[in-house]
Amino acid sequence: MSQQKYIIGTFLDEEPLLAAVKEVRATGTPIHECYTPFPVHGLDEALGYSRSRLPRAAFMFGVLGFSLGLSMQAWMLGFDWPMNIGGKPSLAWPDFVPVTFELTVLITALGMVGTYLVACGFIPGSDPKMPDPGVTSDKFCIAIPSNTADYDKINGLLQRLGADSVVEKEVEL
Amino acid sequence: MYESPIRRPLITGKTSYAKITDDIVTPIEATPTKWWYLGFGVSVAALGLWLLTVGYLLFTGVGVWGLNKTVDWGWDITNFVWWVGIGHAGTLISAVLLLFRQKWRTAVNRSAEAMTIFAVICAGTYPLLHAGRPWVIYWVFPLPNTYGSLWANFNSPLLWDVFAISTYLTVSLVFWYVGLIPDLATIRDRAEGLRKKIYGLLSFGWNGSAKAWQRFESVSLILAGLATPLVLSVHTIVSMDFATSVIPGWHTTIFPPYFVAGAVFSGFAMVLTLLIIMRKVMRLEAYITINHIDVMNKIILVTGSIVGSAYITEFFIAWYSAVPYEQYAFINRAFGPYWWAYWAMMTCNVITPQLFWSQKLRRNIPAVFIISIFVNIGMWFERFVIIVTSLHRDYLPSSWAMYSPTWVEIGMFIGSLGLFFTLFFLFAKFAPVIAIAEVKSIVKTSAEEHIKKTAEKEGIDLKEVNPQIA
């Protein structure tokens, strides 16, 4: 992907970043994304993000794991090679509960984490698309695309809220 | 988020986000200390003993163990159950405590989870070798084969165990790694050269964006929800290896909850043993505070009491059942030839944790360290008592036998400790031992500085409500 020009405002705490997100959105200027060292409570709502659909993916992987686990055991022991164990029923479903449960958990966990990594574009070896390496330590950044923003206005707003620095630069985000 | 200033601090001293990063990442960037080399050297030597004994075992056969036809589960299964039990605290801390929103979890979850994974790896080696021919261990999986296909028997708890342990290891590893990604990125962004490349590869291009954090929290919450019943299922299924048999002393319905409580009990003891050393050697006292140790001791007290009640209940039920074999199994446990193992277990597991009713002892680090070692020993004896004393005198007095381990079994046990500690030392050197991002997220509620600020703003006298800080 190509580089683009962004206004990057950097804060040293989460509260001014949250305030900045609210004020910038109030002016109608679109925000590209925010970058923080830890999950800031309420930031996703302030940015207007809808709830993550990962729980739905997890549920579907769970259904898949459950059906695969149960049908595998039922087919193997009930139909493909039924064994006579003291005349007891070969489709002994209570015995299938533990393995069905384990496979449900296993496939849900692996499927959901895989979905999460792919959705975020986190693949081993990919380069981080971030405005400043400090965001994984102590910096809180807001990135606003330059082409839809008025630099002077945004600069004034971010400075007033206590930004540590406001710069305009070409980065790949 | 508001939090009352009467809470005890979870981060002591001066705090800032940059300082947290520094405190936790610096030991990874610095050359290891003498203590690290010493500990690592001893662990690797023990690991060498493991390779030696396992090699000898594989070339000769399981006959080199002291097992006989009456006692056919000995130190191998004892150590397996002991290690699996130790591997219960990590996921319990990170999953159950996440669901309960316990903030003290943030400082201890990373290393506890690492410990879990290493303990489960150690546990896994035992059934693998006990099976006799580890090169055909894939037979336990339901793979198509030329015998029919003759499938694995899903009616057997031993097979449930295969699925439980392997799922537990995989899910714990995934859960741990998902949490590690942001922190590995923190190391990456401070590093240069080769280290930057390696941590860059390991951190998958993490960028700390709001969307990534939103998904991260969603994934963590669901993984926690999945891991919680999983933790409980693992030792439940391990206990069914015993409970579904008809051996007196094993055939009891109390086993699943009793094993799970015992697992959490021993897991927390091992976490304390490791963390008490780690916080000192790596100078992490500001993050793993005496308050963390205090709450973990309370969990040890609770689970230890559950385990103690289970021992007494078992004895009572054996008498109340009026089954002579069951009664004999229990009398034999306490007063038979293995009485010393039984009383070692009772002393270490029932009496020592009761000392934690005293707050003074809960907050006395040398005392906690010694008690945690006692619990580790006691839980090992519990597994030994359950397995060996139940087996060695079965229904037929003519086949009664005694069992003692050979040097190979002892060497393998010391060796598996070596495997465990080698992995733990490598982890402590190369990975952030405290969840950096998670600790930062509690600064605004639970840091000592923040509590002082809130109290000042509200005009509360800290001397009255929170004397520890004042």
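Biologist: In which helix of chain B is M296(B) found?

Modeller: M296(B) is found in helix α10 of chain B. Helices are DSSP runs of H or I with at least four residues, strands are runs of E with at least two, and both are numbered from the N terminus. This is a predicted model, in which local features need pLDDT of at least 70, side-chain atom pairs count only at pLDDT 80 or more, and totals for chains, interfaces and linings use all residues. Residues are numbered from 1 along each chain as its sequence is written, and chains are lettered from A and ligands numbered from 1 in the order in which they are written.

Biologist: Why does M296(B) count as buried?

Modeller: A residue is buried if 20 or more other C-beta atoms, placed from the backbone, lie within 10 Å of its own, exposed if 12 or fewer do, and partly exposed in between. M296(B) has 25 C-beta neighbours inside 10 Å, so it counts as buried.

Biologist: Which residues does M296(B) touch, not counting residues up to four places away in sequence?

Modeller: With those left out, M296(B) touches F268(B), V271(B) and L272(B). Two residues are in contact if their C-beta atoms, placed from the backbone, lie within 7 Å.

Biologist: What makes a set of residues a nonpolar core?

Modeller: Its members are buried Ala, Val, Leu, Ile, Met, Phe, Trp, Tyr and Cys residues joined through C-beta atoms within 7 Å. The largest such core here has 185 residues, and V21(A), M112(A), V84(B), F268(B) and V271(B) have the most contacts inside it. Helix α8 of chain B, residues 210–243, gives the most to this core, with 16 residues.

Biologist: With which residues is V84(B) in contact, leaving aside its neighbours within four places in sequence?

Modeller: The contacts of V84(B) include V120(B), A123(B), I165(B) and V234(B).

Biologist: Why is R101(B) called exposed?

Modeller: R101(B) has 7 other C-beta atoms within 10 Å, so it is exposed. It lies in the loop between α4 (89–99) and α5 of chain B. Phi of R101(B) is near 55 degrees, a positive value in a residue other than glycine.

Biologist: What makes A322(B) buried or exposed?

Modeller: A322(B) has 8 other C-beta atoms within 10 Å and is therefore exposed. This residue is in the loop between α10 (290–321) and α11 (324–335) of chain B. Its phi is positive, about 65 degrees, although A322(B) is not a glycine.

Biologist: Where is the cis peptide bond that has an omega of about 5 degrees?

Modeller: That bond joins G148(B) and S149(B). S149(B) lies in the loop between α5 (105–130) and α6 (157–188) of chain B.

Biologist: How many residues of chain A are in contact with chain B?

Modeller: On chain A 57 residues are in contact with 50 residues of chain B. The largest share of the chain A side, 18 residues, comes from α4(A).

Biologist: How do the residues on that side of chain A divide into nonpolar, polar and charged?

Modeller: Ala, Val, Leu, Ile, Met, Phe, Trp, Tyr, Cys and Pro count as nonpolar, Asp, Glu, Lys and Arg as charged, and the others, Gly among them, as polar. On the side of chain A that touches chain B, 39 are nonpolar, 10 polar and 8 charged.
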